[in-house]
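This briefing covers one interface between two chains and then a single residue with its surroundings. Please keep the sequence and the model in view while reading.

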Amino acid sequence: MEQFKGTRFKRSDWGELRWILPFVLPAFALIALVILYPFGLAMYYSLTDYNLMRPLSRSFVGLGNYLEILRSGYFWDSLWKTTYFTLLSVGLEFVLGLWAAVFLNKKFRGRGFLRALIILPWALPTVVNGMMWQWIFDANYGALNGLLSQLGFIKHYVIWLGEPFMALNSVIVADVWKNFSFIALLLLAGLQTIPAELYEAATMDGASGWRRFWKVTFPLLKPSILVALVLRTIEAFKVFDIIYMMTKGGPADGTQVLSFYIYRESFQFLHLGFGAALSFMVSVGILILAVVYIKGLYTEVEY
Amino acid sequence: MKNQSRQGKMWLLSGVVLIFMFTAFGLLAAGAFAAEKTTITVLSSDDFAAFRKAAIPDFEKANPDIKVNLISVGYDQLHDKIVTALAGGATGFDVIDVDEIWTAEFVEAGFLADVTDRVTAEMKKGIVPAGMNILTYQNRFWGLPMFVDTKFFYYNNDLLAKAGFKTPPQTWAEFVEQSKKLQEKKLVKYATIWGWGQHEGLICDVVSIFPAFGGRFIEPNGKFVVNNPDNVRALQFMVDLLYKYKAADPASITADDRSMLNSFIAGDVAFGLNWSFAWGIIDDPSQSKVAGKVRLALMPGEKKKSASGAGSMGLGIASGSRRKDAAWKFIAFLAERQQQKNQAINYGALPIWQSLYTDPEVQKKHPALAEMSSQLKYAVSRPRLTWYSEFSRVLQLEVHNALTQNKSPKQALDDAQKEIERLAKKYGNK
Amino acid sequence: MGQRNIDGKLKTLTAKSSPVRRLQNLRAIRAAAFTYAGALLLGLLILAPFLWLFITSISPRYELAAAPPHWAPQHPTFLNYQKLLNPSGSAAFTSGEIPPFGEAFKNSLAVAVAVTLVCLLLGSLAAYALARARSRSADRLIYLTIGLRMVPEISLVIPLYILLRRFGLIDTRFGLFLVYASFTLPFVIWIMQGYFRTIPRELEEAAAIDGCSRSQALLRIVAPLSLPGMVATGLFTFLLAWDEFLFALLFTATYSSKTITVAISEFTTRHLIDYGLMATGGILAAIPPVLIALVFQKKIIQGLTAGAVKG
């Protein structure tokens with residue numbers, strides 16, 4: 001059997017197909033109907049000037065939408081904001097998550113309790129998280145201003161969501177709070193698979209804490225790290241819910257990330273063709289990111 | 001051999017699953033059609049949904065063959081909901097709620113059914129023109145107005161009296177003066193809070209303030225003059241309210257016409273702009289600390305005596321509806337004098353019938369009616385464009401750029417002018 | 001390895017009896033202080049926002065409009081919970097209506113449970129076949145499933161809407177179920193096929209020699225072994241479905257299908273923003289996923305890493 005691996009349409013492949021197909025068919029039929037077909041439709045729309053305001057005069061414009069996107073200042077602006085959001089939030093989530101995971105892998109009293117808690121932020125629905133942080137950041141009655149001014153860190157209340165760049169960073173804080181716990185969970189699980197003897201060996205060799213981390217922990221943790229980063233990067237690049245709840249893209253477009261830009265073009269201006277083209281550009285961006293990651297992932301794990 | 005038959009079973013199983021899935025599909029689809037009697041579905045904004053809901057039993061009693069299914073969503077979600085629902089001639093909704101700024105867009109998109117032949121002579125004669133206009137496009141009627149509305153100037157008379165003012169401000173300069181006094185006397189931390197987040201509500205305030213300074217967006221000849229000096233001065237004034245006079249709560253930048261009400265009904269601010277629906281909340285002691293202390297005044301002026309942004313809404317029939325007659329019956333029912341009277345008295349709205357403004361009962365039971373109707377004379381409409389959403393989006397962004405001190409007012413409006421000229425060219429000035 | 005281990009133990013033993021013990025004790029105390037400071041920090045970081053949410057939910061409205069905030073409400077009340085759980089029992093208190101929270105809760109529950117069960121069934125079948133297949137097309141399908149995770153949901157909203165409407169599935173739980181299930185299936189397949197690969201093929205081959213068919217082997221040998229993975233994936237699926245917002249926002253219109261996330265988002269667009277009520281809604285919406293996460297934490301993590309890392 002094994003020698004047929006990698007060749008196509010050998011007799012045995014057909015034999016294999018015969019038993020695989022019934023297993024695979026129901027799932028992929030559903031996927032084809034609800035994802036692939038609309039995907040194809042959206043791809044077609046992206047090549048037309050489909051505009052709900054003139055639904056009947058839909059004509060083929062080739063790559064016109066894509067060219068217009070590249071010329072649009074809004075696009076580059078929201079691409080930059082999305083990139084900033086993704087890099088900073090995933091970066092912070094990673095640092096914080098790694099710290100929490102390494103920390104929770106140490107032995108101390110109360111560890112069990114903290115390990116149980118760490119899953120909480122991730123389990124909180126995103127919409128609730130957005131609403132909660134909007135209230136925490138509330139300029140007049142929010143907890144953050146109250147706390148900081150009582151502790152003497154700020155003199156005047158800060159309008160956290162009222163200044164474009166500050167608002168973007170505030171949304172990042174809310175996102176990091178929820179998702180660092182996801183990374184911590186994955187990494188903690190990865191840490192627990194590292195045999196204790198390896199540490200002992202490294203300790204005996206006189207390695208310091210940092211060296212031990214870089215020489216032993218990090219390489220073995222790499223697969224978990226990559227998985228965490230792939231999943232989070234994809235999600236962060238598609239971010240929508242938390243923006244919708246906290247800022248709706250404002251102030252002064254300060255938090256207009258790509259998904260929200262697409263939402264606006266499609267549902268406020270009814271430019272379905274343009275919106276579809278935009279989302280394909282986003283998909284391609286995510287695809288590139290993912291391919292880079294997955295390449296790394298597969299080479300690390302399997303070989 | 002045995003293996004073979006087992007595999008056959010697997011095939012069978014997956015076949016069954018598939019068939020099950022598709023029959024489920026089919027049944028549900030069939031169910032949707034079978035339910036079609038004369039149930040009409042109405043997509044309504046929250047604003048006066050309570051009134052509409054209360055009117056349904058009466059309507060159903062008068063029309064036993066029609067059932068009304070009212071769906072209400074927040075104003076913020078209404079436009080997007082209508083657009084997704086009606087994309088490509090849908091039949092899901094029969095009656096939709098239309099803001100005056102959407103009429104051109106919805107008609108061009110083919111969302112609305114032409115109701116010109118259904119509008120009676122009495123309606124044409126008796127409904128105030130400011131109302132009737134909102135659903136008129138290309139000389140045809142596309143629905144009926146449900147209430148007439150503009151931004152109103154609410155003030156807390158109690159606070160003003162404490163500060164020693166007998167009358168509310170008549171000009172924006174006076175507004176600043178009174179604000180300073182109120183704040184100096186520590187009656188309030190900030191004299192006012194605006195709903196100046198980046199959304200449509202911001203434009204409603206812009207068309208209340210810009211025209212007072214003599215500003216406008218479009219010349220009579222159709223040329224856009226977004227960056228004319230009066231507009232720049234007005235925008236500079238808005239910026240100064242926040243940063244120079246510090247008369248407005250800086251949180252205005254993130255607020256809207258709903259959240260600013262929280263500060264107003266708590267008595268934290270003395271002045272506030274809002275729609276007619278706000279009156280019902282402000283004057284309700286169970287919700288508001290300032291009930292009984294608040295009055296309405298004419299919106300302050302500057303170059304002009306007064307100006308306020310218009311924001312009436314109405315109901316139209318979805319073009320894809322298969323129950324247009326029943327849908328019209330419901331719309332006409334809500335537009336009737338008796339219902340309009342009820343809406344005015346119990347829910348604080350301004351009625352669409354000219355005659356109701358002089359109706360003794362309405363005058364008695366709607367304490368703000370006189371002030372409200374005098375403001376109507378100064379109502380300013382937002383530009384009527386098929387691409388209004390995009391116009392507004394550009395203006396929102398650039399005004400916000402100025403309000404967050406990203407750009408100077410001049411720079412912001414210059415940029416807005418440039419982008420709007422580009423859009424106007426793209427859409428052929430329609 | 002064994003030798004080194006023993007050496008290491010010897011070393012620690014000798015260290016303990018060495019004269020520098022006091023210094024080491026000091027260091028140990030300092031390390032412990034660091035550890036507990038870290039623990040406190042992490043605990044606060046996680047719990048403080050939750051705590052504030054809870055405090056908000058039990059504060060009367062006038063106490064929320066206070067600066068500085070009342071960290072402990074002077075007149076705590078469960079009125080908000082009462083209003084949400086039993087809306088008919090309380091008179092109208094805002095000009096907007098109270099969203100029928102119970103209905104939204106039921107909708108979310110029904111959709112999430114159905115999605116979980118169906119995805120597990122269909123997804124596991126497909127994943128098993130793909131994990132065991134040797135042909136290239138199977139690999140391609142696996143890559144396809146990964147690729148599907150990258151499509152931004154928003155790009156499919158319009159065509160999906162048109163499709164759902166054609167079948168009369170707008171504003172139905174079944175419509176939401178279909179969409180959620182399809183978007184979750186690739187994920188389930190990806191995780192589960194990774195999981196199945198950890199189960200040695202030899203077990204089934206042995207069973208085949210004993211005369212078992214593939215489906216028998218699947219049921220009797222693979223299924224029990226993969227049960228932990230299925231539980232983990234199922235819980236994860238449930239959490240994803242519970243969390244979904246965009247499709248629910250656009251594909252529902254009434255409370256016959258609106259989910260809990262939509263209900264929460266509507267609090268912010270009603271007439272007055274009542275943060276107490278919103279916080280209460282948030283807490284109620286968070287209860288199912290938080291409980292699941294707390295109870296099944298270990299399972300979720302194990303399954304997730306087994307599937308994802310080894311995929």
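The side chains of A:Lys238 and C:Glu153 form a salt bridge, with nitrogen and oxygen 3.5 Å apart, the term denoting a side-chain nitrogen of Lys or Arg within 4 Å of a carboxyl oxygen of Asp or Glu. The model is a predicted one, in which local features need pLDDT of at least 70 and side-chain atom pairs count only at pLDDT 80 or more, while totals for chains, interfaces and linings use all residues. Residues are numbered from 1 along each chain as its sequence is written, chains are lettered from A in the order in which they are written, and side-chain values use heavy atoms, leaving out hydrogens and water.

**Chain C against chain A**

- Between chain C and chain A the count is one salt bridge, alongside six residue pairs in polar contact, both residues being at pLDDT 80 or more.
- On the side of chain C that touches chain A, helix H13 (residues 275-310) of chain C supplies the largest share, 17 residues.
- In contact across this interface are 101 residues of chain C and 102 residues of chain A, where contact means heavy atoms within 4.5 Å.

**B:Asp80**

- B:Asp80 lies in helix H3 (residues 75-86) of chain B, helices being DSSP runs (H or I, at least four residues) numbered from the N terminus.
- B:Asp80 counts as buried because its relative accessibility is 5%, buried meaning under 20% relative accessible area (1.4 Å probe, protein chains only).
- The side chain of B:Asp80 makes polar contacts with the side chains of A:Tyr263, at 2.7 Å, and B:His79, at 3.2 Å; a polar contact is a pair of N or O atoms within 3.5 Å, of which, within protein, one must be able to donate a hydrogen and the other to accept it, and residues adjacent in sequence count only if both atoms are side-chain atoms.

Methods:
Helices (H or I, at least four residues) and strands (E, at least two) are DSSP runs, numbered from the N terminus. Buried means under 20% relative accessible area, exposed over 50%, partly exposed in between (1.4 Å probe, protein chains only).
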